[in-house]
Amino acid sequence: MANPIETAIFGGQAGLSMSYHLAQPGLEHVILERGRIAERWRSERWDSLTFQLPNWMVKLPGYAYVGTATDGFMSRNEVVRFIKEYAKRIAPPRHPFTLRHSGDCATPGGVGRASHPSQRL
């Protein structure tokens, strides 16, 4: 069996934020990503959707909106770009989300789930 991992978390902006904080003290972790970074924003949102907060409020740990439209609202594609840029900046340890019934795979010491309260597993 592979070396145990301290914590496994799921991707998305909340999971990336958790990864940022786990990396600060050097805690080993891995992001289990079911698709691409910002997958829900890419494939499960309407093209016309805009972010519900003004741009000046859009922040992730160690990263914030930079632009001239501070009172505007990001489009879906702009939110995807923002999250992708954040992931590139923090370079989290990512692995494709794959379930296996048996075989050689890492066993996390804990699993964290970070998401919006309205999302269901």
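User: Before I read the order of elements along this chain, what counts as a helix or a strand?

Analyst: Helices and strands are DSSP runs numbered from the N terminus, a helix having at least four residues and a strand at least two. In this model, which is predicted, the chain read along its sequence follows the pattern β-α-β-α-β-β-α-β-β, and its secondary structure comes to three helices and six strands.

User: How many residues does the chain have, and what share of them is buried?

Analyst: The chain has 121 residues, of which buried residues make up 29%.

User: Where should I look for the largest nonpolar core, and which residues have the most contacts inside it?

Analyst: The general idea is that in soluble globular proteins nonpolar side chains tend to be buried together. Here the largest nonpolar core has 18 residues, and Leu16, Trp41, Phe82 and Ile83 are those with the most contacts inside it. Helix H1, residues 13-23, and helix H3, residues 76-90, each supply at least two residues of this core, and H3 gives the most, with six residues. If you select Ile83 and leave aside its neighbours within four places in sequence, you will find it in contact with Gln13, Leu16, Ile37, Ala38 and Trp41.

User: How do I describe the way H1 and H3 pack, and at what angle do they do so?

Analyst: One begins with the angle and the separation of the axes: H1 and H3 pack at an angle of about 20°, with their axes 11 Å apart. Because angles under 35 degrees count as roughly parallel, H1 is roughly parallel to H3. The crossing in which H1 passes H3 is left-handed. On the side of H1 the contact is made by Gln13, Leu16, Ser17 and Tyr20, which meet Ile83, Tyr86, Ala87 and Ile90 in H3; by class, the residues of this contact divide into six nonpolar, two polar and no charged.

User: Turning to a strand residue, what does Ile31 touch?

Analyst: Ile31 has its place in strand S2, residues 29-33, and it counts as buried because its relative accessibility is 0%. Not counting residues up to four places away in sequence, Ile31 touches Ile9, Phe10, Gly11, Gly15, Leu16, Ser19, Pro92, Pro93, Arg94 and His95. With Pro93, the C-alpha to C-alpha distance is 6.0 Å, while the separation in sequence is 62 residues.

User: Which loop holds Val58, and which loop holds Tyr65?

Analyst: Val58 is found in the loop between H2 and strand S3, residues 59-60, whereas Tyr65 lies in the loop between strand S4, residues 63-64, and H3. Val58 counts as buried because its relative accessibility is 7%, while Tyr65 is partly exposed because its relative accessible area is 22%. Not counting residues up to four places away in sequence, Val58 touches Phe51, Leu53, Ala64, Tyr65, Met74 and Phe82, and the contacts of Tyr65, counted with that limit, are Asn55, Val58, Thr70, Met74 and Phe82. The C-alpha atoms of Tyr65 and Asn55, ten residues apart along the chain, are separated by 6.3 Å.

User: How should I read a phi angle, and what is the value for Ala38?

Analyst: Ala38, a residue other than glycine, has a positive phi, near 65°; it lies in the loop between S2 and helix H2, residues 39-43, and counts as buried because its relative accessibility is 5%. Ala91 is not a glycine either, and has a positive phi of about 45°. Ala91 is found in the loop between H3 and strand S5, residues 94-96, and counts as exposed because its relative accessibility is 57%.

Technical notes: Residues are numbered from 1 along each chain as its sequence is written. This is a predicted model: local features need pLDDT of at least 70, side-chain atom pairs count only at pLDDT 80 or more; totals for chains, interfaces and linings use all residues. Side-chain values use heavy atoms; hydrogens and water are left out. A nonpolar core is a set of buried Ala, Val, Leu, Ile, Met, Phe, Trp, Tyr and Cys residues joined through side-chain atoms within 4.5 Å. Buried means under 20% relative accessible area, exposed over 50%, partly exposed in between (1.4 Å probe, protein chains only). Contact means heavy atoms within 4.5 Å. Axes are lines fitted to C-alpha atoms, for helices over the stretch in contact, and angles run from 0 to 180 degrees between N-to-C directions. Angles under 35 degrees count as roughly parallel, over 145 as roughly antiparallel, 65 to 115 as roughly perpendicular and the rest as oblique. A crossing is left-handed if the near helix is turned anticlockwise from the far one by less than a right angle, and right-handed if clockwise. Ala, Val, Leu, Ile, Met, Phe, Trp, Tyr, Cys and Pro count as nonpolar, Asp, Glu, Lys and Arg as charged, and the others, Gly among them, as polar.
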